[in-house]
Amino acid sequence: MCGIVGYIGDSTARSILMDGLNKLEYRGYDSAGIALYNQGQVEVYKQVGKLENLEQVITDEKPQGTVGVGHTRWATHGRPSVPNSHPHTGCDDDFVVVHNGIIENYLQLKEELQEGEHLFTSETDTEVIVHLIEEEYRGNLESAVRRVVAKLEGSYAFVAMAVQEPQKLVAVRQDSPLIIGLKDQEYFVASDIPAVLKHTKDVYILDDEEMAVVTQNGVELSTVEGETVDKEVFTVDWDPGMAEKSGYEHFMLKEIHEQPEALRRAISGRLSNDNSQVIFDELNLSPAEIEKYEKIYIVACGTAYHSGIVAKYLLEDLVEIPVEVDIASEFRYRDPLLDENTLAIVVSQSGETADTLAALREAKSKGAQVLAIGNVVGSTIPREADQVVYIHAGPEIAVASTKAYINMLMVFYLLSIYFAQLKGTISATRTEELIQALKNLPNQVAQLIKDSEDTIAKLADSYVDQNSAFFIGRGVDYAIALEGALKLKEISYIYAEAYAAGELKHGTLALIEEDVPVIAIATQESIMDKMFSNIQEVQAREAHVTGVVLAGNEEVTRSLDRVIEIPSTEEILTSILTVVPLQLLAYYVALKRGCDIDQPRNLAKSVTVE
Ligand code: F6R
C-alpha cells in the first residue's frame with residue numbers, strides 16, 4: 001500500500017527517486033509524485049495514474065536537486081487525483097511529506113487545524129501531518145516531527161522535508177514498513193528493499209516508534225521519544241537482477257519461470273546429507289513441544305491463505321494434528337479458541353499484511369506459539385513471530401503471487417515431514433520416498449513449463465471472450481482450484497469461481513450450461529472415481545471441460561474436451577505441479593485480453609491497511 005522513497009547525496013535525486021518508485025510501483029499505482037529541494041525552494045511534480053504519466057512531465061533538466069522524496073499511491077482517503085497525490089505540502093510550501101498508512105484521527109486533527117486557519121487542498125488523511133509540522137516547527141525538523149507523532153493515531157510511515165533545513169530527511173515508522181539504505185555519503189529511504197537494491201545491500205530496518213534523521217553526514221536513529229537507538233546494519237542477500245524483468249514482458253511471467261530455481265532455494269540446506277531427514281536449523285522445536293500441540297491454526301490472506309488450505313491436508317495426514325485454516329481478516333474478530341497448546345502458523349510473502357499481523361498479535365496474546373512463514377527477511381511479521389521459516393522465493397514484484405505461493409507449498413511440505421519426524425508419525429521409508437519426490441519437483445516444474453507453455457498460450461484463446469469460468473477439484477485439488485480461480489480473476493477480470501467438485505450439485509450446477517468453461521483438476525488417484533463422476537455431471541450440462549490431470553490417466557483424459565498433463569509424483573505432493581498450468585493460463589488469458597498483468601486494477605502487492 002503506497003511506496004515511499006527518499007534520497008540525499010551528491011547525485012541527481014530525480015532519476016534515483018523515479019527508479020525507486022518504479023521498483024515500488026507494485027505497492028500502488030493510482031498516482032505518483034516527487035518533490036526535490038532546489039535553490040531555496042521545493043519543486044513538486046505529481047500525476048494521476050501510473051508512474052509513466054509522471055515520467056512524461058519530468059525532463060532531463062527538471063526538477064533539479066540532490067535531495068528529495070517520492071511516492072506511489074494506492075488510494076485510501078480520497079480518490080486518485082492530483083491534489084490527493086503525494087508529496088503533500090502545507091500552507092506555504094515550506095514542508096513536504098510522503099506517507100504510507102492511515103491516520104485514524106485525521107478528521108479531528110483537520111478540524112482543529114482548520115480552526116487555526118490552515119488551508120487544506122486535498123481529501124487525504126496525510127495532509128494533516130504536513131500542517132501539523134508547520135504548526136510545530138521551531139527551527140528543528142526532527143523535534144517538530146516528534147511533537148507531531150505524539151498527536152497521531154493509526155499506522156504510518158512518513159518522510160518529511162523542510163525548506164529551512166534542506167540537507168535533511170526525517171523518517172518515522174509506526175506499523176508501516178520503512179528502511180534506510182546506506183552507501184558512502186548517499187542515503188536512501190524506502191518502503192521496501194527492491195527500491196534501494198540497485199544502490200546498496202546495506203540497510204537499517206526501522207522498528208515501530210523509531211525515527212531516522214538522514215543527512216549527508218549519516219543517519220541518526222532514535223525512538224520517537226528521543227532515545228538514541230543502536231541498530232545493526234542488515235545486509236540483504238538478494239541480487240539486484242532479481243528485481244528486474246530480465247527480458248520477460250511481465251514480472252509475472254518471469255516469476256513463473258523462476259519457480260524451479262525458487263524451489264531449489266527453498267529445499268537447499270533443509271535435507272540431511274543422506275536425504276533421510278528434513279532439517280530446519282532455524283527452528284527451535286522439541287519433540288515434546290510438537291507432542292503438546294492439540295491444534296494448529298494457519299492464518300493468512302489471499303494466495304497465502306490458499307497455501308494454508310493445502311497445508312491442512314499435509315499436516316493432518318502426516319502429523320495427525322487437527323488443523324484450522326483461517327482468513328486473517330476474520331480471525332481476530334471471532335475470538336478464536338487458542339491457548340499455549342496451539343501452534344499458530346501465519347503465512348505472508350510481504351511480511352507486512354495488516355490483517356495477518358493483527359492475527360499474529362491476537363494469537364500471541366492468547367498464549368499460542370507463533371511460527372511465521374515469510375519471504376521478505378526483516379519484515380514485520382517474521383520479526384514479531386516466535387519462530388520464522390523463510391521461503392527464499394526472492395523478490396516477488398508482480399501483484400499476482402506465483403513463485404511465493406509455490407515456495408510456501410514447498411515449505412509446508414518440508415515442515416509437515418519435519419513435524420512428523422519429531423512426532424514419530426512417519427516411517428523412515430515413507431520419509432525417504434517423500435524427500436525423493438520433493439527433490440524431483442524443481443526439475444518437474446521446469447519440464448512442465450517447457451512442455452505446456454505453448455499449448456496453454458493457445459488454449460487461452462478459447463477463454464478470451466468468456467465472462468466466467470469454474471474451477472473444480474476434490475481434496476488438495478480443490479485447494480489448487482481456489483488458487484487457479486483467484487489468479488484468473490485478479491489479472492484477467494473474468495469472473496472465476498472454485499468449487500469442491502462434489503458440492504456443485506448443491507446449487508452451483510444451475511450455472512453450468514452449454515460451453516461454460518470448467519477447469520477440472522483431477523490428480524488425486526484415491527478419489528478419482530468421484531471426481532470423474534463430477535466431471536460427467538458438468539459435461540451432461542454441455543460445459544466445455546479442460547482437465548489438469550496426471551500424465552497417463554487415459555480414462556479421464558478421453559472424456560475431456562482439453563487436457564493439460566502434469567508429471568506423476570506422490571499424491572499429496574501434486575499441488576506444486578498442478579498450479580503451474582493454471583498460473584500460465586491466467587497469464588495468457590490476461591495477455592490476450594490486453595490486461596495490465598503486473599498491476600491489475602484496484603490491487604496492490606502489499607496490503608498494509610485493514
Ligand atoms: C494474489 C495475492 C494476494 C496475497 C495476499 C497476502 O495473487 O498475491 O492474495 O497473497 O494479499 O499477501 P502476503 O502473502 O504478502 O501477506
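Trainee: Which residues are closest to the ligand, and what makes a residue count as near it?

Mentor: In this predicted model, 13 residues surround the ligand, and the closest are Ser348, Gln349, Ser350, Thr353 and Glu490. A residue is counted as near because one of its heavy atoms lies within 4 Å of the molecule.

Trainee: How much of the ligand does the protein bury?

Mentor: Taken alone, the ligand exposes 410 Å², and the protein buries 89% of that. The space that the ligand takes is the largest pocket.

Trainee: Which elements give two or more residues to the shell around the ligand?

Mentor: Those are helix 9 (302–319) and helix 15 (476–492). Helix 9 provides the largest share, three residues. By residue class, the shell holds four nonpolar, seven polar and two charged residues.

Trainee: Moving to the backbone, what makes the bond between His86 and Pro87 a cis peptide bond?

Mentor: The omega angle tells you: for the bond joining His86 and Pro87, omega is about 0 degrees. Pro87 itself lies in the loop between strand 4 (67–73) and strand 5 (88–89).

Trainee: Why is Asn275 called partly exposed?

Mentor: Its relative accessible area is 21%. Buried means under 20% and exposed means over 50%, so Asn275 falls in between and is partly exposed. Asn275 sits in the loop between helix 7 (259–267) and helix 8 (287–292), and its phi is near 60 degrees, a positive value in a residue other than glycine.

Trainee: And why does Asn602 count as exposed?

Mentor: Asn602 has 64% relative accessibility, and that is over the 50% cut-off, so Asn602 is exposed. Asn602 is in the segment after helix 18 (575–592). Phi of Asn602 is near 65 degrees, again a positive value in a residue other than glycine.

Conventions:
Residues are numbered from 1 along each chain as its sequence is written. This is a predicted model: local features need pLDDT of at least 70, side-chain atom pairs count only at pLDDT 80 or more; totals for chains, interfaces and linings use all residues. Side-chain values use heavy atoms; hydrogens and water are left out. Accessible areas come from the Shrake-Rupley method with a 1.4 Å probe; for residues, only the protein chains shown count as cover. On a 1 Å grid over the protein atoms alone, a cavity is a set of points where a 1.4 Å probe fits but cannot get out, and a pocket is an open set with protein on both sides within 12 Å along at least five of seven lines; lining residues have an atom within 4 Å of a point. A molecule sits in a cavity or pocket if more than half of its atoms lie within 2 Å of its grid points. Helices (H or I, at least four residues) and strands (E, at least two) are DSSP runs, numbered from the N terminus. Ala, Val, Leu, Ile, Met, Phe, Trp, Tyr, Cys and Pro count as nonpolar, Asp, Glu, Lys and Arg as charged, and the others, Gly among them, as polar. Buried means under 20% relative accessible area, exposed over 50%, partly exposed in between (1.4 Å probe, protein chains only).
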